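Good morning, and thank you for coming.

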Amino acid sequence: MATKAKAKTASKKAATKKAASKKTSTAKKSGGTAPRATANSPFRNYTPYEPKKKETYMNEAQLAHFREMLMNWRRELMEEVDRTVHHMQDEAANFPDPADRATQEEEFSIELRTRDRERKLIKKIDQTIDRLDQEDYGYCDTCGIEIGLRRLEARPTATQCVDCKSLDEIKERQIHG
Ligand SMILES: [Zn+2]
């Protein structure tokens, strides 16, 4: 009985491992924690860029396309930060009950963390727009190849190609367990 259970656990483990490696190879941004992933895929409405035949990678039109995406994303984040601030101001009423106060404080600390994350993301977007201005956008920082339109549309702040990113994530997992 015990051995059977053990085997079951083992196969389950293997399945998880398989799923994990699959995730990496499709490179659907698996790094980091879940909230970061959500923050990094805010694109509900944009038109994928369709390059013409023999179109030069990162020509004016493509740069403009990504600039627009980044600016929209930035604006959405700024609005979100505003909303959080206003929400906290509205909620900052006095709660005479210490239990209520504790709940509110916890809520606030969650919101503050969210805001902090949004701020960092806005900073990253700004840095990306700077690179766009210098026409130093769309190429892998590590190996220099084209990151590609589809990957950049999924993650406009990407600075690495899929392969280098995956490699880094594997290395990181080995270091941090
Ligand atoms: Zn690369």
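This is a predicted model: local features need pLDDT of at least 70, side-chain atom pairs count only at pLDDT 80 or more; totals for chains, interfaces and linings use all residues.

The secondary structure of this chain consists of six helices and zero strands. Residues are numbered from 1 along each chain as its sequence is written.

Let me turn to confidence. The pLDDT is the predictor's confidence in each residue, from 0 to 100. Its mean over the chain is 79, and 72% of the residues reach 70 or more. Confidence is lowest in H2, at a mean of 37, and highest in H5, at 95. Over residues 1–41 the pLDDT is below 50, and this stretch has 19 contacts in the model beyond near neighbours in sequence. Two residues are in contact if their C-beta atoms, placed from the backbone, lie within 7 Å.

How many of the 177 residues count as buried, as a percentage? The figure is 9%. A residue is called buried if 20 or more other C-beta atoms lie within 10 Å of its own, exposed if 12 or fewer, and partly exposed in between; the C-beta atoms are placed from the backbone. As for contacts between residues at least 6 apart in sequence, 62% join residues at least 24 apart.

Helix H3 covers residues 60–91. Its 32 residues should span 46 Å at 1.5 Å a residue, and its end C-alpha atoms are 46 Å apart, which agrees. The expected span of a helix is 1.5 Å times one less than its number of residues. Within H3, the residues His-65, Phe-66, Leu-70 and Trp-73 are buried. The buried residues of H3 pack against H4 and H5.

Helix H4, residues 98–133, has 36 residues and reaches 52 Å from its first C-alpha to its last, close to the 52 Å expected. Does H4 lie largely in the open or largely buried? Of its 36 residues, the number buried is two, so H4 lies largely in the open. Glu-107 and Met-88 are 19 residues apart in sequence, and their C-alpha atoms are 9.2 Å apart in space.

We now come to the core. A nonpolar core is a set of buried Ala, Val, Leu, Ile, Met, Phe, Trp, Tyr and Cys residues joined through C-beta atoms within 7 Å. The largest one here has nine residues: Met-58, Phe-66, Leu-70, Trp-73, Tyr-137, Ile-147, Leu-152, Ala-158 and Cys-161. Helix H3 gives the largest share of this core, three residues.

Leaving aside neighbours within four places in sequence, Phe-66 is in contact with Leu-132, Tyr-137, Leu-152 and Pro-156. Tyr-137 lies in the loop between H4 and helix H5 (149–154), and counts as buried, with 21 C-beta neighbours inside 10 Å. Not counting residues up to four places away in sequence, Tyr-137 touches Met-58, Leu-63, Phe-66, Arg-131 and Leu-132. Tyr-137 and Ala-158 are 21 residues apart in sequence, with their C-alpha atoms 9.3 Å apart in space.

Finally, some residues in the loops. Most residues other than glycine have a negative phi. Lys-54, although not a glycine, has a positive phi of about 60°. Lys-54 is found in the loop between H2 and H3 and is exposed, with 5 other C-beta atoms within 10 Å. Just after H4, Glu-135 also takes a positive phi, of about 55°. Glu-135 counts as exposed, with 11 C-beta neighbours inside 10 Å.

Glu-50 also lies in the loop between helix H2 (34–40) and H3. Glu-50 is exposed, with 7 other C-beta atoms within 10 Å. The C-alpha atoms of Glu-50 and Leu-149 are separated by 8.9 Å, although these residues are 99 apart along the chain.

Note on methods:
Helices (H or I, at least four residues) and strands (E, at least two) are DSSP runs, numbered from the N terminus.
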